[in-house]
Amino acid sequence: MTLRATTLPPRKISSLYFLLPWLAGAGVLAYAFIAGGYLVTVLGFAALYAIFVTGLNFFMGYTGQVSFGQNAFAAIGGYTSAVLTATHGWPVFLAMPLGIAAAALLALLIGYPTLRLRGHYLAMATLALGMIVQEIAVQWDRVTMGYTGIAAIPALGAFGWELPNDRAQLASLLVALGFSVWVSSRLKASRLGHALAAIAGSEDAARALGIDVARYKLLAFVIAAVYAAFAGSMFAHFVGFISPEMFGLHMVVLGFTMLYVGGIGTVYGPLIGAFIISLLPETFRGFKDYQDLAYGVALIVILIYAPKGIASLSRLWTARKKEGGA
Amino acid sequence: MESLLSVEGLSAHYGNVEALHPTDLKLASGELVAVLGPNGAGKSTLLRAIMGLTPGAGRVRFEGVDLPRDDTCAVAMRGVILVPEGRGIFGPMSVRENLDLGAYLLGARHGEIAARLERVFALFPRLKDRQTQLAGSLSGGEQQMLAIGRAMMAGPRLLLLDEPSLGLAPRLAAEILETLGQLNREGLGILLVEQRAPLALKLAKRAYLLSVGRVVAEVTPDQIASPHDLARYYFAAA
């Protein structure tokens with residue numbers, strides 16, 4: 001899980017390999033900013049999912065737990081933002097923090113009893129949470145407009161000024177994503193991150209060293225919820241419209257795919273996974289009817305050759321020699 | 001004899017099954033006591049129950065004050081530290097990170113952490129050479145050294161060890177137990193669970209024999225001259 005644990009000195013050739021994917025990513029982004037249009041939307045979704053999955057990674061990767069219900073927190077962030085800004089005319093910079101705070105509070109209330117569960121039971125409990133919140137979004141139509149959804153949500157902005165176009169919105173999403181990943185990497189290297197890793201390794205061993213397992217699990221759950229709500233709220237302002245279907249089980253499955261393809265438990269895995277999974281179906285558009293088939297095959301190939309995710313490939317590269325001797 | 005640890009009527013259960021029947025046990029300050037018994041005798045359960053990791057009933061006093069039965073963190077904070085069965089090291093982390101986690105309760109007292117680290121490296125010089133290596137890639141013996149080293153980082157006043165010799169070559173096992181003897185001579189109280197009775201009885205002045213979830217005898221090493229003596233105790237109980 002920790003990258004700095006390998007003892008081999010950095011080599012020039014392999015550092016070039018590490019750089020290549022980032023350069024490719026930067027190239028795609030640059031192209032999007034120049035060409036605009038549909039690609040900007042795709043990359044915007046990728047950035048939103050990258051934030052969402054970076055949060056999920058706190059709970060599932062760093063802490064080794066499982067949650068099928070993160071869509072609930074994204075929905076709360078998204079709907080709080082949408083209702084307060086579109087229906088009640090609040091400014092974005094007030095609505096967004098309120099949505100995040102609401103999600104954090106719910107995570108605290110739900111997490112306290114459910115995090116005593118482990119494995120499958122925790123998965124079931126969180127799955128129920130996601131379904132309940134989505135159902136509320138459907139049924140409470142006086143506030144959420146049910147399946148009709150809420151339209152005309154203002155773009156990000158403050159004091160009567162809004163981001164002028166989708167490129168500016170994408171730029172703001174990338175800044176938000178950069179900040180989210182930075183926080184994730186700092187926390188992973190901190191005392192908190194080490195405690196979470198200990199819990200992922202062995203709850204009993206962690207407890208016997210004086211680590212308050214219940215408290216840290218709850219904290220990781222709340223952090224994941226904050227990330228999800230932030231992504232959900234940004235989503236509402238980026239697209240300008242939300243409806244319950246956007247926060248369904250599909251979101252959970254997509255998040256899991258990104259997490260595992262990118263590399264669970266790594267800092268950059270969620271980001272890599274989100275962009276690859278978002279762009280992959282687009283690159284197979286030429287296959288027409290066989291697009292889904294090609295996408296599926298590509299996923300399988302990735303998981304065969306990079307079972308721990310793409311972010312772990314670099315480590316495999318350097319560790320290969322070592323493992324023979326160890 | 002002032003008692004460091006005093007266990008009275010401690011029992012433990014997994015679901016409806018009582019794996020440890022009410023048990024009494026005492027350990028004086030600076031003493032090394034062994035708990036011997038065959039597989040499934042409840043040795044690990046006894047240690048887990050003392051730590052509050054497995055639910056049960058009864059009373060555990062440490063330095064004259066009750067230990068909570070359901071709050072392992074609080075037990076660890078009092079200085080009762082467990083080296084769990086199967087070592088429980090964190091494989092994907094480096095040796096150094098494992099040791100740092102041992103000193104988790106110290107927070108940011110870096111001076112004290114560094115001092116303890118020095119001491120652990122003096123006990124197990126091999127860990128010093130392997131600081132940056134992933135713990136999961138260590139050999140079995142080194143992993144056991146790491147598990148004990150990590151426990152020492154927590155600054156134990158009483159060390160509970162669950163079969164530290166498990167899966168190790170005889171020479172390595174003897175080496176590790178010798179280190180435990182050294183720690184004990186420096187005054188550390190140790191409760192040592194072992195299946196290899198001869199090894200444990202070289203160090204311990206007193207041993208409890210466990211069989212099918214209860215203490216069947218309290219013996220001194222000279223009462224156990226041969227494996228037959230042990231077998232007699234175990235089977236007399238069953």
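A:Met145 lies in the loop between helix H6 (141–144) and strand E1 (157–158) of chain A. In this predicted model, the phi of A:Met145 is near 65°, which is a positive value in a residue other than glycine. Most residues other than glycine have a negative phi. With 19 other C-beta atoms within 10 Å, A:Met145 counts as partly exposed, because a residue is called buried if 20 or more such atoms lie within that distance.

**Chain A as a whole**

The secondary structure of chain A comes to 14 helices and two strands, and 45% of the 326 residues of this chain count as buried.

The confidence of the prediction should be kept in mind while reading the chain. The mean pLDDT of chain A is 85, and 90% of its residues reach 70 or more. Among the elements of chain A, helix H14 (residues 313–325) has the lowest mean pLDDT, 56, whereas H10(A) has the highest, 94. Over residues 1–8 of chain A the pLDDT is below 50, although this stretch has 19 contacts in the model beyond near neighbours in sequence.

H10(A) has 27 residues, and the distance from its first C-alpha to its last is 39 Å, close to the 39 Å expected at 1.5 Å a residue. Is this helix enclosed by the rest of the structure or open, and why? Because 21 of the 27 residues of H10(A) are buried, the helix is largely enclosed by the rest of the structure. H10(A) is followed by A:Gly240, whose phi is positive, near 85°.

In soluble globular proteins, nonpolar side chains tend to be buried together. The largest nonpolar core here has 172 residues, of which B:Leu160 and B:Leu192 touch the most other members. Helix H10 (residues 213–239) of chain A gives the most to this core, with 17 residues. Which residues is B:Leu192 in contact with, once its neighbours within four places in sequence are left aside? They are B:Leu32, B:Ala34, B:Val35, B:Leu161, B:Leu180, B:Ala200 and B:Ala204.

**Where the two chains touch**

The contact takes 19 residues from chain A and 26 residues from chain B. On the side of chain A that touches chain B, the elements that give two or more residues are helix H8 (191–201) and helix H9 (203–208) of chain A. The largest share of that side, five residues, comes from H8(A).

**Strands of chain B**

An open sheet of four strands in chain B has the order E2-E1-E4-E5, with antiparallel pairing. The edge strands of this sheet are strand E2 (17–28) and strand E5 (65–66) of chain B, each of which pairs on one side only.

Another strand of chain B, E9 (residues 206–211), is mostly covered, since five of its six residues are buried.

| Strands | Sense | Bridges | A facing pair |
|---|---|---|---|
| E4(B), residues 56–62, and E5(B) | antiparallel | two | B:Arg61 and B:Asp66 |
| E3(B), residues 32–36, and E9(B) | parallel | four | B:Leu36 and B:Leu209 |
| E9(B) and E10(B), residues 214–219 | antiparallel | five | B:Tyr208 and B:Glu218 |

The hairpin of E9(B) and E10(B) has two residues between the strands, and in this hairpin B:Val212 takes a positive phi near 35°. B:Val212, found in the loop between E9 and E10 of chain B, is a residue other than glycine with a positive value of phi. With 15 other C-beta atoms within 10 Å, B:Val212 is partly exposed.

**An exposed residue of chain B**

Is B:Ala122 buried or exposed? B:Ala122, which is found in helix H4 (residues 110–123) of chain B, counts as exposed because it has 9 C-beta neighbours inside 10 Å. B:Ala122 and B:Ser44 are 78 residues apart in sequence, and in space they are 29 Å apart, C-alpha to C-alpha.

Technical notes. Residues are numbered from 1 along each chain as its sequence is written. Chains are lettered from A and ligands numbered from 1 in the order in which they are written. This is a predicted model: local features need pLDDT of at least 70, side-chain atom pairs count only at pLDDT 80 or more; totals for chains, interfaces and linings use all residues. Two residues are in contact if their C-beta atoms, placed from the backbone, lie within 7 Å. A nonpolar core is a set of buried Ala, Val, Leu, Ile, Met, Phe, Trp, Tyr and Cys residues joined through C-beta atoms within 7 Å. A residue is buried if 20 or more other C-beta atoms lie within 10 Å of its own, exposed if 12 or fewer, and partly exposed in between; C-beta atoms are placed from the backbone. Two strands pair if DSSP finds at least two bridges between them. The expected span of a helix is 1.5 Å times one less than its number of residues. pLDDT is the predictor's confidence in each residue, from 0 to 100.
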